[in-house]
Amino acid sequence: MTAFALGGEVRALLLDPDDPELLAQAQKYTEDFAAGVFEGLYIATPETHVLTHTAQGAIGITTRPGDSLNTFQERHSGPTGADQLGHHAVPRHRQHDPVYVLPHL
């Protein structure tokens, strides 16, 4: 997961998550990296808005609204790195908010 999270495509996307070309590159990277290894792999913002996913239909959704989001953000407010669920926080370069790379095994 660390190798995925530190990939150039991920870093470029985090610098400009609204760039459609970078989104396409990061989506391909996500799919290629997950192939044969992960059932699902995605990159999401701290608000759990999915930027890339191995399942096309999940792109653009918010996975945790309301109280569930608050609980998630509280749980992941510690130092950058993997937690017990295998979530990895990747610091953004222009902001201090991490973007979470979440595997589904």
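The model is predicted, so local features need pLDDT of at least 70 and side-chain atom pairs count only at pLDDT 80 or more, while totals for chains, interfaces and linings use all residues. Residues are numbered from 1 along each chain as its sequence is written, and side-chain values use heavy atoms, with hydrogens and water left out. The protein chain holds four helices and four strands, where helices (H or I, at least four residues) and strands (E, at least two) are DSSP runs numbered from the N terminus.

**Overall fold**

- Read from the N terminus on, the elements of the protein chain follow the order α-α-α-β-β-α-β-β.
- Of the 105 residues in the protein chain, 39% count as buried, a word that here means under 20% relative accessible area, with exposed meaning over 50% and partly exposed lying in between (1.4 Å probe, protein chains only).
- Among the contacts in the protein chain with a separation of 6 or more, 46% come from residues 24 or more positions apart, where contact means heavy atoms within 4.5 Å.

**Helices H2 and H3**

- Two packed helices are described by the angle between their axes and the distance between the axes.
- The axes of helix H2 (residues 8-15) and helix H3 (residues 20-34) come within 9 Å and cross at roughly 150 degrees; these axes are lines fitted to C-alpha atoms, for helices over the stretch in contact, and angles run from 0 to 180 degrees between N-to-C directions.
- H2 and H3 are therefore roughly antiparallel to each other (angles under 35 degrees count as roughly parallel, over 145 as roughly antiparallel, 65 to 115 as roughly perpendicular and the rest as oblique).
- The contact involves Glu-9, Val-10, Ala-12 and Leu-13 on the H2 side, and Leu-22, Leu-23, Gln-25, Ala-26 and Tyr-29 on the H3 side.
- Within H2, the residues Val-10, Leu-13 and Leu-14 are buried, and they cover an arc of only 100 degrees around the axis, which puts them on the same side of H2 (the arc is that of the directions from the helix axis to the C-beta atoms).

- Tyr-29 lies in helix H3 and counts as buried at 15% relative accessibility; not counting residues up to four places away in sequence, Tyr-29 touches Ala-3, Phe-4, Gly-7, Glu-9 and Val-10.
- Thr-30, also in helix H3, is buried with a relative accessible area of 0%, and beyond residues up to four places away in sequence its contacts include Phe-4, Leu-41, Tyr-42 and Thr-54.
- Ala-34 belongs to helix H3 and is buried at 3% relative accessibility; leaving aside neighbours within four places in sequence, Ala-34 is in contact with Leu-41 and Thr-54.
- The C-alpha atoms of Ala-34 and His-53 are separated by 9.5 Å, although these residues are 19 residues apart along the chain.

**A loop residue, His-49**

- His-49 is found in the loop between strand S1 (40-44) and strand S2 (50-53), and at 31% relative accessibility His-49 counts as partly exposed.
- Apart from neighbours within four places in sequence, His-49 is in contact with Ile-43, Ala-44, Gly-60, Ile-61 and Thr-62.
- His-49 and Thr-62 are 13 residues apart in sequence and 4.3 Å apart in space, C-alpha to C-alpha.
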